[in-house]
Amino acid sequence: MPEGRRRPGRKPGSGPRHDAKDQRRRSDSAPEGRRRDDLPPVEPPPPPAARPSDELGLPTATVLVKAKRARPFFGRHPWVLDTAIERVEGTPADGDVVDLATHEGRFIARGIWNASSRLRVRLYAFESDVPLDAPFWRSRIDAAIALRRTLGLDDRSGAARLINSEGDDLSGLIVDRYGDHLAIQVTSLAMAGRLDAICDALEAAVKPAGILLRGADRGLSKLEGLHLPDRVIRGTAPEGPVFIREGSLSWGVDLTEGQKTGFYLDQRDNRRAAALLARDRRVLDLFCYSGGFAVTCAITGSARNVLAVDGSAKATALARANADFNGAANVTVETADAFARIDSLAAAGEKFGMVILDPPKFARSRGAIEEALRAYHRINRVAVDLLEPGGILVSCSCSGSVSRDDFLEMLSAVAQRSGRQIAMLECRGAAPDHPVSASCLEGEYLKCIIARVA
Ligand code: SAH
């Protein structure tokens with residue numbers, strides 16, 4: 001992942017994780033063990049209704065950008081905000097293919113129109129002779145899947161992100177493969193209207209047992225005027241959890257009710273990196289979800305023991321099951337508010353050899369950055385207090401609007417306040433099946449700093 005640079009502010013429509021409230025609402029309020037039969041009935045995708053131009057993938061209108069606003073689009077940035085538009089020639093309906101042109105009418109790119117979103121056009125092709133038709137989507141999807149093959153992530157017993165939105169030139173589409181099943185998140189109306197073509201291409205390339213549509217980030221969907229209830233789009237849903245392998249570990253993943261699409265695939269390599277330093281240590285995994293870091297440290301990392309904490313009872317049930325399933329008897333799982341629990345551990349004078357912090361997205365917008373940084377400071381400050389000399393801090397942030405620089409400055413302030421030396425060993429990001437487009441740096445969100453605290 002690209003490191004250490006300050007980015008322009010994020011725009012709407014990016015950032016794969018959802019907030020804690022959203023997560024807890026979904027994971028706690030839903031009935032336990034929901035199965036395929038209980039899923040809402042299969043419904044056709046919502047509007048936009050198919051128009052003749054959809055199949056041909058040809059433009060129905062031309063969108064002209066303001067003078068001096070064209071440069072990012074010549075640089076393949078895929079988001080055209082309403083404020084960049086000078087005028088529209090034609091009357092596109094939401095979901096229609098449109099061409100983007102300079103204010104003088106010179107072709108820049110081809111994309112899809114949505115008047116309900118501030119992100120008025122999403123761009124998908126930068127050549128004037130390419131229609132956005134079914135073969136086009138198929139070639140994009142095939143290219144994304146070929147990349148995962150290159151990364152060695154095509155083992156059917158494992159899991160991988162097959163399509164990562166802008167990182168795979170498919171803005172608003174996320175597809176994760178868990179064994180034989182696919183889970184799709186759609187955050188753009190452009191992709192929602194083309195689900196048929198997308199599923200045809202996925203079926204041809206992957207031959208999955210089933211394709212499930214997951215609610216994605218409801219906040220993001222709302223920004224696009226989308227309402228996409230969870231449902232099985234193709235084939236069948238798994239009966240109960242899907243089991244996937246990661247190295248020598250197995251994870252049970254709840255595809256119908258789990259957070260995100262079921263598992264935090266972005267942290268795959270960070271779990272291993274943390275585990276490499278966990279040997280014989282007492283480990284605290286705060287915000288543990290289904291036990292990813294906790295169980296990897298316990299088994300792969302030979303930690304002495306692990307305390308795993310999450311606020312969601314559904315999450316801790318999954319963590320307990322994953323610990324048991326992998327034979328990690330030295331993992332204790334607690335359901336508790338992480339802020340209260342970390343304070344009580346500090347008050348009791350408890351010490352750990354490793355503390356892992358992987359909180360939910362604290363900042364949902366640029367305006368919330370200061371508040372988010374204060375929350376990061378608070379938990380990191382207490383985590384440092386909990387670490388014995390020479391302890392390891394694994395500190396993550398999935399808030400895209402908090403830059404890597406800001407996050408490092410927060411850690412620097414923690415070092416200053418605590419009077420401890422914090423030596424950064426690794427500045428990591430998301431696993432490589434979560435590519436970030438250099439033309440759309442807003443797609444970078446995950447930071448994972450591994451540091452030694454003297
Ligand atoms: N580390 C995990 C992913 C963590 S996602 C993995 O690798 O799989 C963030 C988690 O924080 C979610 O499971 C969510 O339930 C939990 N969470 C959110 N707010 C919390 C709070 N106040 N206290 C404890 N857990 C919280």
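Start with Arg271: one of its polar side-chain atoms lies 3.2 Å from an oxygen atom of the ligand. That is a polar contact, meaning a pair of N or O atoms within 3.5 Å. This is a predicted model, where local features need pLDDT of at least 70, side-chain atom pairs count only at pLDDT 80 or more, and totals for chains, interfaces and linings use all residues. Residues are numbered from 1 along each chain as its sequence is written, and side-chain values use heavy atoms, with hydrogens and water left out.

A backbone N or O atom of Gly311 lies 2.8 Å from a nitrogen atom of the ligand, and a polar side-chain atom of Asp358 lies 2.7 Å from a nitrogen atom of the ligand. On its own the ligand has 580 Å² of accessible area (Shrake-Rupley, 1.4 Å probe), and the protein covers 98% of that.

In total, 18 residues surround the ligand, each with a heavy atom within 4 Å of it. They divide into nine nonpolar, four polar, with Gly counted here, and five charged.

Now helix 4, residues 134–150. Helices here are DSSP runs of H or I, at least four residues.

Which residues of helix 4 are buried? They are Phe136, Trp137, Arg140, Ile141, Ala144, Ile145 and Arg148, buried being under 20% relative accessible area (1.4 Å probe, protein chains only). An α-helix has 3.6 residues a turn, so residues three or four places apart point the same way.

After helix 4 comes Gly152, with a positive phi near 75 degrees.

Note on methods:
A polar contact is a pair of N or O atoms within 3.5 Å; within protein, one must be able to donate a hydrogen and the other to accept it, and residues adjacent in sequence count only if both atoms are side-chain atoms. Helices (H or I, at least four residues) and strands (E, at least two) are DSSP runs, numbered from the N terminus. The expected span of a helix is 1.5 Å times one less than its number of residues. Buried means under 20% relative accessible area, exposed over 50%, partly exposed in between (1.4 Å probe, protein chains only).
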